[in-house]
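Here are some notes to read alongside the structure, written for someone meeting it here. Please keep the view open as you go through the points.

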Amino acid sequence: VQSFWVILCKFMSLLKTIWSYSGLSEKGNVRSIDVAQHLNFSKPSVSRAMSLLRENGYVIMDDDGFST
């Protein structure tokens, strides 16, 4: 079982990557696959993390599946 701090660091890396990529995108949108590839995480891991971030109001997904 991963410690709270390890999980928190992974979430912070995820949020930092989303923020960084949003500045590079024309629309400010980020795809989960881009985040997964950048962090070298599996797509299912990022999808689950994104789901938790959405549920807690940290990220918003548009109708096309992009994080904003």
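1. Let us begin at the surface. The protein exposes about 5,000 Å², and carbon and sulfur atoms supply 57% of that area. As for the inside, buried residues make up 25% of the 68 residues.

2. A word on confidence, please, before the details. What you see is a predicted model. Its pLDDT averages 75, and 82% of the residues score at least 70. Confidence is lowest in helix 1 (residues 4–24), with a mean of 72, and highest in helix 3, at 84. Where pLDDT is low, the predicted coordinates should not be read in detail.

3. The overall plan is quick to learn. The protein has 3 helices and 0 strands, so if you follow the chain from the N terminus, the elements read α-α-α, by the DSSP runs used to assign helices and strands. Of the contacts with a separation of 6 or more, 45% are accounted for by residues 24 or more positions apart.

4. Which residues make up the largest nonpolar core? There are 10 in all: Leu-14, Ile-18, Val-30, Val-35, Ala-36, Val-46, Ala-49, Met-50, Leu-53 and Val-59. Helix 1, helix 2 (32–39) and helix 3 each supply at least two residues of this core. The largest share, 4 residues, comes from helix 3.

5. Helix 3 deserves a visit of its own. Running over residues 43–55, this helix has 13 residues, and from its first C-alpha to its last it reaches 18 Å, close to the 18 Å expected at 1.5 Å a residue. Its buried residues are Val-46, Ala-49, Met-50, Ser-51 and Leu-53. After the helix comes Gly-57, with a positive phi near 80°.

6. Ser-32, Asp-34, Val-35 and Ala-36 are its buried residues. Helix 2 is followed by Asn-40, whose phi is positive, near 60°.

7. Leu-14 is one of the core residues; leaving out residues up to four places away in sequence, Leu-14 touches Val-35, Leu-39, Val-46, Ala-49, Met-50 and Leu-53. Leu-15 is found in helix 1. Is Leu-15 buried or partly exposed? Leu-15 counts as partly exposed because its relative accessibility is 25%, and buried means under 20%. With neighbours within four places in sequence set aside, Leu-15 is in contact with Leu-53, Tyr-58 and Val-59. Leu-15 and Val-35 are 20 residues apart along the chain, and their C-alpha atoms are separated by 9.3 Å.

8. Why does Val-30 count as buried? The reason is its relative accessibility of 1%, as buried means under 20%. Val-30 lies 12 residues from Ile-18 in sequence, and the two are 6.3 Å apart in space, C-alpha to C-alpha. Val-30 and Ile-18 are both listed in the largest nonpolar core.

9. Asn-29 lies in the loop between helix 1 and helix 2 as well. Asn-29 is buried because its relative accessible area is 16%, and the cut-off for buried is under 20%. From Asn-29 to Ile-18 there are 11 residues in sequence and 8.4 Å in space, again C-alpha to C-alpha.

How values were computed:
Residues numbered from 1 in each chain as written. Predicted model: local features only at pLDDT ≥ 70, side-chain atom pairs only at ≥ 80, totals over all residues. Heavy atoms only, no water. Expected span 1.5 Å × (residues − 1). Buried < 20%, exposed > 50% of the residue type's maximum accessible area, 1.4 Å probe, protein only. pLDDT = per-residue confidence, 0-100. Core = buried A, V, L, I, M, F, W, Y, C linked by side-chain atoms within 4.5 Å. Contact = heavy atoms within 4.5 Å. Areas by Shrake-Rupley, 256 points an atom, 1.4 Å probe, with all protein chains shown as cover.
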